Structures are given as C-alpha cells and as structure tokens.
Amino acid sequence: MSKNKRKEEAPVEPDLPITPMLDMSFQLMAFFIFTFRPAPTEGQIAMSLPTSEGDKNSQTIPDPTDEKPEVFVVRVEAADNGTISRMSITQKDAVDTRADDLGADVRAYEKALRTRYNELKGDKAKAKVSLEMADNLLNEYVVQLLDLGMQAGFKNIAPAPFSKR
Amino acid sequence: MSHSPDKACEPNLVPMLDMVLQLVMFFMVCANFVMERVNETIKLPEAVSAAPLDPNAQNIIFLNVNDQGQVLLSALDAVGKDNILSNPIQVQNYMKRRYDEDVRMAGGDTTKPLRSTLIIRADQRTPFKKVYDIEVACQKAGYKNCQLRAIRHGGKLETK
C-alpha cells in the first residue's frame, strides 16, 4: 500500500536559482572594472641630487693621473612666461671658450649635443652636460632638455641654476 | 484577499546578500583609493627616455610638487594632518626623518644603499628653481639620488 502511495507522488523538479548567481557575477565584474588599472605610463629619469655649497665631505681629492671628463655647459635663459628664450653651449676648460648660440630652438640644442657627443675622443660615458637654467624656466622644458640630452647619448646631465659669472 | 494555507512564508535573503556584497565592494574600492600615493592634480611633462619603475623598488617616497612649488604628500606619507610642505625647510625636515628611518633600517650603516627610492613628481608648470630647491633639500637630508617622473612617450616628441 505504501509503495503505491510513493509512486503517485509528483517527481521533485530541481530548482537552480539563477538570479542570485547572475547578481553575484555582475558584482564580481563590477569589482574588477573598478579595481582595474591599466599599466602605468609614467616613467623616471634618474639623476643625482645637486651637491650643496660648502659640503666638504662630499668633495674628493682629484687624482692627477685621472683623465678629466669633458664637460659641456648649456646656459638656458627663459622668457617671462617660463619658456626658453635663448640657449648657448660652451665646453668647460677648452681652449676656445666662446659660447655657441643655439637660439630658442631645442632641435638646435639636440643637434649640438649629438655632434659633440660623436666627436668625443675619451670615455664617452664620463662626459657630462651641465644645464644652467633660469629660475623661472618651466619644469616642462627642464625635462625636455634632459630628455633630448639623454637621446643625444649623454648619461650624466646635471641641471643647475645660473652660475655667477 | 485570501491566502492559501499550504504556502509557507519565506523571507527573501537574496537582496540582503546583494546589499552586503555591495557594501563590501564599496569599502574595497575606497581602500584602494587610500593606497594611491600619487596626486592626480599634478600634470607631468612628457619624456621619451623616461624608464619604467624598477620592479624591485620597495619603499618609494613620492614627492608631488604642484605648480606653486608646494610638496603634496599622500595620506600614507603625511605626518598627522599636515600633508602640504610649503617651503624647502619643511621638505628637508620631512626628508631627514625619512632618511633617519632608512639608516635605522640599514642597521645604522650609512654606507649601505638606502631602501627608499625617491621620486619627484613635479608639475610641468613648476618653475625650475622651486624643483631645484626641493632637490637641494633632499640632498641636505642625506639622499644622493632621485628620479624625476614624466609621462612615458613612445615616439619622437614634438619640439616646441
């Protein structure tokens, strides 16, 4: 009798709740959208910090047998709005101390540095560019000059304020 | 209006669960914003030769410099509520604290390389002197190297 009763019962239909699962999926998707960060496009230009005046500890006694690295000094003047108004390049401790005028064109600056870099005879890696810049020159141009100097081949570029002449 | 007696009253827990998960999500997103140590208001200059950050760099000190020359520290880097360093003396004092911390972590050996990497994020409109004064302040605090941050540019930049 009981066997017959069980046979008459309606079959149990499996009920899979799709809606909460869908909700969960959407939430996970939203979470990943919010936390997604594309690869950073920012990069770094490595540089040495300027040595402070009177910092005697950082000064080392020069070895007379050491070959002096060639130093090029680029003087950058700025207009009132912080843009480049005039540039000139000279080689430190050279026989010819006349400065070559580069105008305000950064292409001329890059070309001048590239030419000098290619003409270097000694250890090219030791060659240095000293960028003497006006106080009000905008950082945009400072970074551009650093960047072009590195593209020209120089590894050691040091920005500095105008030296007193 | 009649209710069938065989239908059981069952509370619907799904919307409540949704709500809880959404709250969890909100807090996770907020926590991520607090972790962010770069300042989005700083407009960086562009550079082709800017290299990507060294993946081994562990402790990075970000100095966000706005166009007024003030250093804006993130919530993680700030000491107390004061997150703006408005002059080079304040920058030097702050960096000196960080330098002493680094030396302490190196066991007091100043010859060992410091664990911190110093990154200066200066706005493209910041005058050179303001950035230079901050660099000098960092040098006076004891640091020797820094990295100037720029937007990495793939091709040749247009020269102005």
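Hi everyone, let me start with one residue: Lys128(A) stands opposite Asn156(A) in strand E6(A). Strands here are DSSP runs labelled E of at least two residues, helices are H or I runs of at least four, and both are numbered from the N terminus. This is a predicted model, where local features need pLDDT of at least 70, side-chain atom pairs count only at pLDDT 80 or more, and totals for chains, interfaces and linings use all residues. Residues are numbered from 1 along each chain as its sequence is written, with chains lettered from A and ligands numbered from 1 in the order in which they are written.

Strand E5 (residues 128–133) of chain A pairs with E6(A) in the parallel sense, over six bridges; pairing takes at least two bridges found by DSSP. Both belong to an open sheet of five strands in chain A, ordered E4-E3-E2-E5-E6, with mixed pairing. E4 (100–103) and E6 (156–161) of chain A each have a single partner strand, so one side of each lacks a neighbour in the sheet.

Now to chain B. Helix H2 (residues 88–105) and helix H3 (residues 128–141) of chain B pack at about 35°, their axes 8 Å apart. Axes are lines fitted to C-alpha atoms, for helices over the stretch in contact, and angles run from 0 to 180 degrees between N-to-C directions. Among the residues making this contact are Met95(B) and Tyr99(B) of H2(B), and Ile134(B) and Ala137(B) of H3(B); contact puts C-beta atoms, placed from the backbone, within 7 Å.

Methods
Two residues are in contact if their C-beta atoms, placed from the backbone, lie within 7 Å.
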